[in-house]
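User: I would like to go through this model with you, one topic at a time. Could you put it on the screen?

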Amino acid sequence: MKILVVEDEPRLLYNLSRALREEGYVVEGVPRGDEGLHQAMEQDFDAIVLDVMLPGLDGWEVLERLRRKKETPVLMLTARDALPDRVRGLDAGADDYLVKPFDLPELLARLRAVIRRHAGKGSSVIELGDTVVDLKRRQVLRDGEGVSLTAREYAIVEFLAMHRGRLVTRTELYERVFDENADTLSNVIDVHVFAIRKKLRPDLIVTRRGQGYCIE
Amino acid sequence: MKWTDSIRGRLLLWLGLLLAAVLSGFGMAAYQLQRTQLFAGMDEELAELVSQLSQEARGTPPSGGREGREPGFGGGGPGERMPRDREGPDRDGFGGFDEPFGPPGPPPDFEDRSPDDRELKISSELMKRLGDGQEAGFAVWRRGGTLRGSNLIPVPNYPSRAGHDTLVRFRHRGHWREAYHFTEIGECVLVGRDGSEEIAELHRAGIRLGLAGVGVLAIGLGGGWWLATRSLQPIDEMSRTARRISEGRLSERVPVGSPDSELGRLATVMNTTFDRLESAFDRQRQFTADASHELRTPLTLMISEAQTVLSRDRAAADYREAVEQCLEAAVRMRDLTASLLQLARIEGELGEASTFELRACVRTEIEALGPRIESSGVRVDTDLLEVVCLGDAIRAGRVVANLLGNAVHHTPPGGRVVLSMERDDVFVVLVVEDTGSGIAAEDLPHIFERFYRADKVRSRSEGRFGLGLAICKAAMEADGGSIMVSSKPGSGTRFEVRWKVDEAEC
């Protein structure tokens with residue numbers, strides 16, 4: 001899962017990025033609105049955390065321009081909690097809204113919800129036959145038993161489960177799950193997928209030769 | 001609310017009283033006029049009758065006219081007869097004139113022959129006009145008051161003689177109007193007429209007048225009500241609008257109507273007040289929003305810092321860093337609240353009548369900023385005068401410190417800040433000039449606004465809140481001075497601060 005954080009307060013940007021990374025997200029952080037918009041247009045993110053008061057371009061403007069092209073879910077952060085601001089944010093296409101000072105756990109929960117809703121999953125649990133992905137607890141269960149996966153293995157399963165039925169390319173996985181360059185570590189994903197198949201069941205992840213992976 | 005408490009009620013009450021007074025005045029005058037006219041006609045008729053009767057009562061034969069009418073002319077009987085002859089046929093009914101009085105005599109004899117025994121003879125024509133005693137009649141008294149003849153029952157009182165003239169006088173007796181006069185020989189001749197009909201007519205006229213008056217009063221009050229309602233309507237509208245505004249809908253305005261009318265002027269004044277009120281409210285709201293935003297940023301930082309670091313076990317260095325960050329944010333909040341408090345205090349303050357010496361004040365502030373100036377690598381030059389100014393020393397110190405601090409902050413190392421003074425009889429100007437980065441033209445009009453920062457990201461991370469110049473401006477306004485700025489981006493900024501010179505010092 002890859003998140004873009006646009007926040008002009010450097011220390012807050014640092015803290016948010018660190019907290020999100022620790023939650024297993026791949027994080028891109030920028031301090032300016034125009035840079036944020038550029039990043040959001042160039043890359044595919046699973047969600048964007050967007051501050052309203054930004055230099056360069058303010059949050060509203062970024063959101064408005066982004067929505068002309070993309071449907072990436074956006075969580076707005078603002079120091080103003082006046083009702084018109086909230087209404088404006090939601091009307092402009094924000095998926096959720098948080099007022100500063102916010103609680104970090106709440107931000108994380110809302111972010112998960114935003115991503116889930118965007119993937120068309122209403123609940124925080126994705127069932128894949130006998131295998132269940134618990135997005136909230138970041139855990140995979142098989143026949144009700146917890147299966148111990150590494151953070152990267154879980155991230156791959158989560159991403160594929162979120163985009164169930166769709167072909168996910170290796171590049172996509174590298175960028176959005178590992179935050180790493182696809183060229184340098186070309187066989188790392190194969191290793192992880194092999195491990196996952198061994199821990200869960202062999203036919204959970206289907207390999208499409210030369211294209212990528214898919215959970216049917 | 002009693003109806004007399006409302007302006008409309010009181011207006012109507014006064015209008016009613018005034019109308020009633022005017023109408024009753026007019027009514028009474030009209031009534032009096034009518035009455036006078038009515039009696040004037042009657043009196044004229046009675047006067048004519050009384051004079052004719054007195055002529056005839058004098059018993060003057062046709063020749064007697066000499067005695068009665070033109071006593072001064074003396075004889076000339078035959079000459080006089082001629083016109084009387086013409087009246088002859090009428091008099092026949094009465095058998096002509098009383099002959100014994102025929103011989104003419106001089107007027108003095110006339111009184112001696114006071115004809116007590118004379119019979120009263122009245123021509124039938126006059127008799128007809130005098131009436132039969134029912135609705136009109138006459139009475140003649142001899143000198144002294146004995147009745148000589150009358151067809152009136154009862155006989156009216158003998159009139160009292162006021163003077164010794166022979167003027168015709170009038171009097172009322174019940175419904176009767178009577179005219180009387182005393183002849184030269186002391187007889188009293190009275191002619192009366194029943195005036196009941198005239199009086200009734202007068203009463204009717206009075207009732208008509210009264211009804212008309214009541215009608216006019218009603219119309220006047222109705223019109224007054226309408227006028228009052230109409231002219232008070234804008235006031236009602238104003239009070240409704242003012243109430244809505246006081247309930248918080250500050251953008252509403254009183255309808256002005258025609259701006260030159262009294263209410264239009266009032267409405268304009270009220271609207272001006274509401275404009276000021278609204279902009280003051282807006283400023284306050286904006287300030288509160290900005291202040292809370294500024295306070296929320298470090299708060300957000302502290303909370304996220306603490307929550308991140310506490311979310312799992314970490315190394316001691318991580319905790320230390322988090323605590324340091326929290327401390328930094330807390331210090332920022334402390335500085336901000338201090339600045340806010342300072343601003344709020346200065347804005348609420350009124351310039352007290354105190355004085356301070358500007359040069360000493362500037363020197364103190366330069367000294368206080370010494371370490372910062374040294375570390376910045378900026379040279380600070382001064383060219384100062386000793387001047388006692390009107391104002392508060394602490395406020396002036398803040399202004400100098402803020403301007404000097406800004407100048408040093410925005411001037412790159414190796415640059416120069418100059419503080420100089422100019423004065424005339426009224427003002428002293430402190431000029432703070434730097435060779436720094438300058439202020440962009442689009443920022444220049446806003447720099448005295450609270451929380452305005454030309455470069456938000458950089459200033460916020462440097463702990464600058466954009467309150468310094470707002471504090472300067474508020475301080476100068478409190479002391480009756482002024483502050484001005486001019487700047488060339490890239491080459492420097494010049495602030496001019498103006499205080500009033502203490503006149504006692506001159």
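User: Among contacts in chain B between residues at least 6 apart in sequence, what percentage join residues at least 24 apart?

Analyst: This is a predicted model. In chain B, 65% of the contacts between residues at least 6 apart in sequence join residues at least 24 apart.

User: How many helices and strands are there in chain B?

Analyst: Chain B has 13 helices and 12 strands. The chain has 506 residues, of which 25% count as buried.

User: Turning to the two chains together, how many residues of chain A are in contact with chain B?

Analyst: On the chain A side there are 19 residues, and they are in contact with 18 residues of chain B. Helix H1 of chain A, residues 10-22, gives the most to this side, with 8 residues.

User: And how do the residues on that side of chain A divide into nonpolar, polar and charged?

Analyst: The side of chain A that touches chain B consists of 10 nonpolar, 1 polar and 8 charged residues.

User: Next topic: what does the UniProt annotation say about A:Asp51?

Analyst: The UniProt record, an unreviewed entry, annotates A:Asp51 as "modified residue: 4-aspartylphosphate". In the model, A:Asp51 lies in strand E3 of chain A, which covers residues 47-51.

User: Is A:Asp51 buried or exposed?

Analyst: A:Asp51 counts as buried, because it has 25 C-beta neighbours inside 10 Å, and 20 or more are required for that label.

User: Which residues does it touch, not counting those up to four places away in sequence?

Analyst: With those set aside, A:Asp51 touches A:Val6, A:Glu7, A:Asp8, A:Gly59 and A:Leu77.

User: Now the sheet with E6 in chain A. What is the strand order?

Analyst: The order is E6-E7-E8-E9 in chain A, an open sheet of 4 strands with antiparallel pairing. Strands E6 (125-128) and E9 (145-147) of chain A stand at the edges with a single partner strand each, so one side of each has no neighbour in the sheet. On average, neighbouring strands of this sheet are turned by 30° against each other, direction ignored.

User: How many bridges pair E8 with E9 in chain A?

Analyst: Strand E8 of chain A (residues 139-142) pairs with E9(A) over 3 bridges, in the antiparallel sense. A:Val140 has A:Val147 in E9(A) as its bridge partner.

User: Which helix packs on this sheet?

Analyst: Helix H6 of chain A, residues 151-162, packs on the sheet and touches E6, E7 (131-134) and E8 of chain A. The direction of H6 makes about 100° with that of E7(A).

How values were computed: Residues numbered from 1 in each chain as written. Chains lettered and ligands numbered in written order. Predicted model: local features only at pLDDT ≥ 70, side-chain atom pairs only at ≥ 80, totals over all residues. Pairing = 2+ DSSP bridges. Helix = DSSP H or I, 4+ residues; strand = E, 2+ residues; numbered from the N terminus. Axes fitted to C-alpha atoms, helices over the stretch in contact; angles between N-to-C directions. Contact = placed C-beta atoms within 7 Å. Nonpolar A, V, L, I, M, F, W, Y, C, P; charged D, E, K, R; others polar. UniProt positions renumbered as here; feature names shortened; annotations may be inferred. Buried ≥ 20, exposed ≤ 12 C-beta atoms within 10 Å, placed from the backbone.
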